[in-house]
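Please consult the sequence and the structure shown below while reading.

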Amino acid sequence: MEASRPFKDQNKQHSTTTTTTTFFSFWRFLPYTIYAILPLALFRLYFYPLPRSDHILVVSSLSSPRQAEKAGGDAVTEAPPPPPPPPCDYASGKWVPDKSEPLYNGTTCVLIRDAQNCIAHGRPDLDYLYWRWKPHQCHLPRFQPIKFLQLVRNKNVAFVGDSLARNQLESLVCMLSTVSDPILVYRDGEDNKFRKWNFPGHNMTISAYWSPFLVKGEENFPDYNKLYLDSVNERWAGDLGSLDMVVLSFGHWFVHPAVYFEGGSALGCHYCTGLNHTEIGFYGVLRKALRTSLKALIARTRASGRAMDVLVTMFPPAHFEGDWDKFGSCPKTKPYQEGEKLLEGMDAEMRKSLADEVEAAKADARDFSGIRLEALDITKLSLMRPDGHPGPYIFPFPFADGVKDRVQNDCVHWCLPGPIDTWNAILLEAIKRWRGGEMNR
């Protein structure tokens, strides 16, 4: 027992020495610790000061003022919402292969006109269905039928213009019919030029108004049409009081021979050989027609106190190889590659004329918050799709009896389904942006 005491004393001495060493080590490094913590404390106080006695509470945009008051704050300052994303430039891009199936076809949508039902009429190549428009600076989502119906719930939407306006409308109704059955509630005029569908699940209507000049006009094709450039066509403008959104689409009829009137007298004409009128072309006339229509639309919307959304579809080029009235055709089966086909000549001038008038009208309506006006710029993406037209398949199985030397082609309108469905995808994105920054939802 006595032999173990020196060992215990030795342990006690070692423990005391260790404690002393640790104590002095702590005090030796303490100043350095203080020097390290002090800047962090000052940084914390500078950027995150202690609460002041007046109890001002800063609330994030996710909290409501009522919630902040419950938290005990006397004054509430809400953080400003983030700015909306800049509009996407859908006009600039390229067509890329896409294996996704179209939302509809000639069997699932009974609204497709025979002349645009390319598959049912025996078009053998179906590659034109499998391309997607890819903008350079952003993403264009696939059309979402449910989202469209939700955003236009309780609204009256109208497509006003020529047969391409009708072409776009039928594309839209076909895509919406994949999730909701439309009910035809009105039809008038030959060739179904005036129609209205109702989507009862969303209390929304879509109407078609035939008005190839937008202004008052008399159709005398193939003779001379008559246009009254200072009078809007009341067949559609007279219903503006009941409409919430209008899509205007026109242009191709202005190429045909016509006499133009303004202020009660003849202003001039286009292709009017044999008539005692001055040839003035049609670019300026196209501008006047859109200007008159937009001015009437803005004035009547302002007077009614209603809100109105207006989109003007830019000019979609045709793709005839040869003259349209001399059996010109559109035989291509693939889109143009970027740079392969330039926007120039009449197509470029028509687009510019429409775009300039839209911008001028936006300036006129700048002090009126009740109207939103945009251009639906589909000119370039349409220019690059020479493969998207019915061509000879406006007729059922045109080559069933062998290849003919001359067959009438349609290189103006678009197959359904087809590239024109992209116009409505862009239309939906415009509505998303207008309805509160839902661009990426």
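Strand S6 (residues 183-188) and strand S7 pair in the antiparallel sense over 5 bridges; two strands are taken to pair if DSSP finds at least two bridges between them. The structure is a predicted model, in which local features need pLDDT of at least 70, side-chain atom pairs count only at pLDDT 80 or more, and totals for chains, interfaces and linings use all residues. Residues are numbered from 1 along each chain as its sequence is written, and side-chain values use heavy atoms, with hydrogens and water left out.

Trp197 has Ile206 in S8 as its bridge partner. In the hairpin of S7 and S8, with 4 residues between the strands, Asn203 takes a positive phi near 50 degrees.

S7 (residues 194-199) is mostly covered, with 5 of its 6 residues buried. Buried means under 20% relative accessible area, exposed over 50%, and partly exposed in between (1.4 Å probe, protein chains only). In a regular strand the side chains alternate between the two faces of the sheet.

**The whole protein**

The secondary structure comes to 9 helices and 15 strands. Helices (H or I, at least four residues) and strands (E, at least two) are DSSP runs, numbered from the N terminus. Of the 441 residues in the protein, 43% are buried. Contact means heavy atoms within 4.5 Å. Among the contacts with a separation of 6 or more, 73% are between residues 24 or more positions apart.

Helix H7 (residues 345-364) has 20 residues and reaches 29 Å from its first C-alpha to its last, close to the 28 Å expected at 1.5 Å a residue. The expected span is 1.5 Å times one less than the number of residues. The buried residues of H7 are Asp347, Met350, Ser353, Leu354, Ala355, Glu357, Val358 and Ala361. An α-helix has 3.6 residues a turn, so residues three or four places apart point the same way. The buried residues of H7 pack against H6, strand S14 (308-313), strand S15 (371-376) and H8.

Phe395 is found in the loop between helix H8 (379-383) and helix H9 (420-434). Phe395 is partly exposed, with a relative accessible area of 40%. Leaving aside its neighbours within four places in sequence, Phe395 is in contact with His121 and Gln408. The C-alpha atoms of Phe395 and Gly122 are separated by 9.1 Å, although these residues are 273 residues apart along the chain.

**Cavities and a pocket**

Rolling a probe the size of a water molecule over the atoms shows where empty space is left. On a 1 Å grid over the protein atoms alone, a cavity is a set of points where a 1.4 Å probe fits but cannot get out, and a pocket is an open set with protein on both sides within 12 Å along at least five of seven lines; lining residues have an atom within 4 Å of a point. Grid points are joined across faces, edges and corners, and a volume is the space filled by probe spheres set on the points.

A search of the whole structure finds 2 cavities of 30 Å³ or more. The table gives the volumes and the classes of lining residues. Ala, Val, Leu, Ile, Met, Phe, Trp, Tyr, Cys and Pro count as nonpolar, Asp, Glu, Lys and Arg as charged, and the others, Gly among them, as polar.

| Space | Volume | Lining residues by class |
|---|---|---|
| Largest cavity | about 60 Å³ | 5 nonpolar, 2 polar, 3 charged |
| Second largest cavity | about 40 Å³ | 2 nonpolar, 3 polar, 2 charged |
| Second largest pocket | about 450 Å³ | 16 nonpolar, 4 polar, 6 charged |

The largest cavity is lined by residues including Phe159, Asp162, Arg166, Lys193 and Trp210. S8 gives the most to this lining, with 3 residues. Around the second largest cavity stand Leu240, Gly241, Arg300, Thr301, Ser304, Arg306 and Met308. Helix H6 (residues 283-304) gives the most to the lining of the second largest cavity, with 3 residues.

The second largest pocket has a volume of about 450 Å³. Of the 26 residues that line this pocket, the closest to its centre are Trp131, Arg132, Arg142, Asp421 and Thr422. Strand S4 (131-135) and H9 are the elements that give two or more residues to its lining.
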